[in-house]
Each structure stands twice: as C-alpha cells, then as structure tokens.
Amino acid sequence: MITFEDVEVTAWTSDPAGGADRVVRLLGPVSLALAERRVAVVGANGSGKSTLARLVNGLVLPSAGRVVVDGLDTADDGAAVRRRVGFVFTDPDAQIVMPTPVEDVALSLRRTVPDASERTARALDVLARFGLADRAHVPVHALSGGQRQLLALAAVLATEPAVLVCDEPTTLLDLRWRTRVDDLLASLDQQVVVVTHDLEAAARADRVLVVDGGAVVADGPPGPALAHYRALMTGASAAPSGERRP
Ligand SMILES: Nc1ncnc2c1ncn2[C@@H]1O[C@H](COP(=O)(O)OP(=O)(O)O)[C@@H](O)[C@H]1O
Ligand SMILES: [Mg+2]
C-alpha cells in the first residue's frame, strides 16, 4: 500500500530578472491511498508526474505531509523504501552503469547475492527471463534502445522489489518495443505505478491518476479518468494544460 498524506513538494527558484528567489509549489497537496496492482499516471509535460513518481521511492521527499510505503515513511526509512520500491527511468542510459548486461544485472544483485559466481549465474537467469540471454556479454552500447530499456527493467526487477515505479518507460521506444515493455509490465506480480503518455497502456490499468498543474485533477477507473484527460488536453475543458502554478 502506498499512501500520500497531504503531500506537498516545493522548491526554490531564482528569478531570471534578478529579483529575489522564491518558493514554488511543484505538487500538492495530494492525498492518495494506492492499493491497486496497476496504477497509471498521465498528464501534460511539466504537470508534476515525475515529482509524484519520485516521491514513491524517496527520490523526492515531501516538503510537507508524508509518503508511506508498506508502513515505511520515505523520509525516515529511505534505504528500506528503496529496497521495496524499484524505479525505472525513461532513459535506460541513466540507469545502466556497467559495460555488459550480465555485469549490470550482477551489480544490482551485489547486496542480496554475496558470492560472485553465484551472482553471475543469477544474472544470466534474469537476462534469460527477459529475453536477453544472447545479449548477456555484448557491450551495452551495441544493444538497441528497446533492449537497453529491457535491461534497465531486468536489473531493477532482479532484486525482486514489491513495487515497481516506471517514469515514462516507453516514451523513447518504437511501437514494437513499447508493446513488448507494456506486456512485460502487465505480466509482473509486483504492484506497478507507471507514468505514461501511452493512453492505450493507461487504459489497461486498474486506476488512473490525471496530474495537472501540480494537482491530481482526476482519479479513478481508466474510462472516466482518461476522458477527463483528453478533454483537458484538447481544450474541451477550461482547465489549464500543465503550466506551473505559483
Ligand atoms: N527541483 C526543482 N526545482 C524547481 N522546479 C522543478 C524542480 N523539479 C521539477 N521542477 C518543475 O516542476 C514541474 C513539474 O516537474 P515534473 O514533475 O518533472 O513534471 P512532468 O514529469 O509531469 O513533466 C516542472 O515545471 C518542472 O520544471
Ligand atoms: Mg517527467
């Protein structure tokens, strides 16, 4: 269970005109209890989706309120939260640090599998599970973008997190890879929170959150929530489209 209790995120911004720095609210107040297995987050660019996603594993901490994952407060128990919550970024290159897939997956297993040869064997098993067995020893830069995203996912899932948060995991992918990654996410046992611009993928979620201007403006089953979002984006509603509010 992921809960947001009156969560606000603020940040200091400098005035380009040379005036005093000021505090802007990036998100909130947001209160949520997310128990559904598949949660999709949609919203315009700059609306606050990544801020919301990053709150779930403590990459962003609330300026007010609290985020609690399975009883763990992200501000007090950050390390424990990050062991429970895996996070996948849009750009796999932000996440892959080793020269080959097998080394990269092995790196994420270093805490849970102390023996090096066992770790390599486990990493090879994980890569096979994700259809990357024949890529295990290939230099990472020789993989396609889709294969790199699959590798980033494999390295995170190797540690068997209870929750997976993905911030636009398919935005850089072509239709074939997007489908493959979406199908993989749909097949997982974990609770998955996915930020996406792919409304077909969002339509398969159990619950959809629509973020706009730093607020959750619609929340519910995909049908009505996505209809709200479409209306917002096409100007059928009077609401602004993701510009920041002060
Ligand atoms: N640390 C920060 N300081 C100031 N502004 C930020 C910071 N992080 C994000 N923002 C701003 O907050 C807004 C929401 O950002 P973000 O959550 O990344 O939106 P999204 O993922 O929906 O595109 C954007 O306008 C962004 O420029
Ligand atoms: Mg974002």
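Which helix does Arg-148 lie in? The close-ups below, taken from a predicted model, start with that residue.

**View 1. Arg-148 and the residues around it.** Arg-148 belongs to helix 5, which covers residues 145–157. With a relative accessibility of 17%, Arg-148 falls under the 20% cut-off and therefore counts as buried. Leaving aside residues up to four places away in sequence, Arg-148 is in touch with Pro-92, Asp-93 and Ile-96, along with Val-140, His-141 and Leu-143.

**View 2. Helix 3 packing against helix 4.** Here helix 3 (residues 101–108) meets helix 4 (residues 116–129) at an angle of about 110°, and the two axes sit 8 Å apart. That makes the pair roughly perpendicular, and the crossing is right-handed. On the helix 3 side, the contact comes from Pro-101, Val-102, Val-105 and Ala-106; helix 4 brings in Arg-119, Thr-120, Ala-123, Leu-124, Val-126 and Leu-127. Sort these contact residues by type and you get eight nonpolar, one polar and one charged.

View 3. Four strands line up in the order 2-1-4-5, with antiparallel pairing, to give an open sheet. Strand 2 (22–34) and strand 5 (72–73) are the edge strands; each has a single partner, so one side of each has no neighbour in the sheet. Helix 1 (residues 49–56) packs on this sheet and touches strand 1 (2–13), strand 2 and strand 4, with its direction at about 125° to that of strand 1.

View 4. Look for Val-68, which stands opposite Asp-73 of strand 5. As background, strands in a sheet pair through backbone hydrogen bonds, in either a parallel or an antiparallel way.

**View 5. A cis peptide bond at Pro-29.** Going from Gly-28 to Pro-29, the peptide bond is cis, and omega is near 0°.

**View 6. Positive phi at Asp-6 and Glu-160.** Neither residue is a glycine, yet phi is positive at both: near 45° for Asp-6 and about 55° for Glu-160. Where do they sit? Asp-6 is in strand 1, while Glu-160 is in the loop that runs between helix 5 and strand 7 (163–167). Asp-6 has 51% relative accessibility and so counts as exposed. Glu-160 is exposed too, at a relative accessible area of 63%.

Notes. Residues are numbered from 1 along each chain as its sequence is written. Chains are lettered from A and ligands numbered from 1 in the order in which they are written. This is a predicted model: local features need pLDDT of at least 70, side-chain atom pairs count only at pLDDT 80 or more; totals for chains, interfaces and linings use all residues. Side-chain values use heavy atoms; hydrogens and water are left out. Helices (H or I, at least four residues) and strands (E, at least two) are DSSP runs, numbered from the N terminus. Buried means under 20% relative accessible area, exposed over 50%, partly exposed in between (1.4 Å probe, protein chains only). Contact means heavy atoms within 4.5 Å. Axes are lines fitted to C-alpha atoms, for helices over the stretch in contact, and angles run from 0 to 180 degrees between N-to-C directions. Angles under 35 degrees count as roughly parallel, over 145 as roughly antiparallel, 65 to 115 as roughly perpendicular and the rest as oblique. A crossing is left-handed if the near helix is turned anticlockwise from the far one by less than a right angle, and right-handed if clockwise. Ala, Val, Leu, Ile, Met, Phe, Trp, Tyr, Cys and Pro count as nonpolar, Asp, Glu, Lys and Arg as charged, and the others, Gly among them, as polar. Two strands pair if DSSP finds at least two bridges between them.
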